[in-house]
Amino acid sequence: MNFKNLREYLSWLYYQYLLITGIYVLEPWEKSIFNSILFSAIAMVIYTSYVFVPIHVRLALEFFSKIFGGQPESTMALMN
């Protein structure tokens, strides 16, 4: 794929984004405010999921391992 096709494809994707979100009817300064709020929210969701999801998954695994008969760590240490 050459540079011209890539540029045309990216401009087509941007046009689709404008049509789907309906911001093609906004003024340029309104578009920039909308895009900055949208991308800030997306960045916050990505950051929050990166920081907090592993903690919640670990806690959920510990919880379900205790429910379904997993041995606590202290009992395992005593057995060894």
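The model is predicted. Trp-12 is also partly exposed, at 46% relative accessibility. Both residues sit in helix α1, three residues apart, or about one turn of the helix.

## Aromatic pairs

The protein holds four aromatic pairs. Tyr-9 and Trp-12 form a stacked pair, because their ring centres are 6.1 Å apart and their planes meet at 25 degrees; the cut-off for stacking is under 30 degrees.

Phe-63 and Phe-64 pair edge-to-face, because their planes stand at 70 degrees, with ring centres 5.3 Å apart. That class needs an angle over 60 degrees. Phe-63 is partly exposed at 49% relative accessibility. Phe-64 is partly exposed too, at 43%. Elsewhere, ring pairs join Tyr-14, Tyr-17 and Phe-39 into a cluster.

## Helix α1

Helix α1 covers residues 3-21, which makes 19 residues. Gly-22 follows α1 and has a positive phi, near 80 degrees.

## Overall fold and surface

The protein has three helices and zero strands. Along the sequence the pattern reads α-α-α.

How much of the protein is buried? Buried residues account for 4% of its 80 residues.

Note on methods. Residues are numbered from 1 along each chain as its sequence is written. This is a predicted model: local features need pLDDT of at least 70, side-chain atom pairs count only at pLDDT 80 or more; totals for chains, interfaces and linings use all residues. Side-chain values use heavy atoms; hydrogens and water are left out. Helices (H or I, at least four residues) and strands (E, at least two) are DSSP runs, numbered from the N terminus. Buried means under 20% relative accessible area, exposed over 50%, partly exposed in between (1.4 Å probe, protein chains only). The expected span of a helix is 1.5 Å times one less than its number of residues. Rings of Phe, Tyr and Trp (its six-membered ring) pair if their centres lie within 6.5 Å; planes under 30 degrees apart count as stacked, over 60 as edge-to-face and the rest as tilted.
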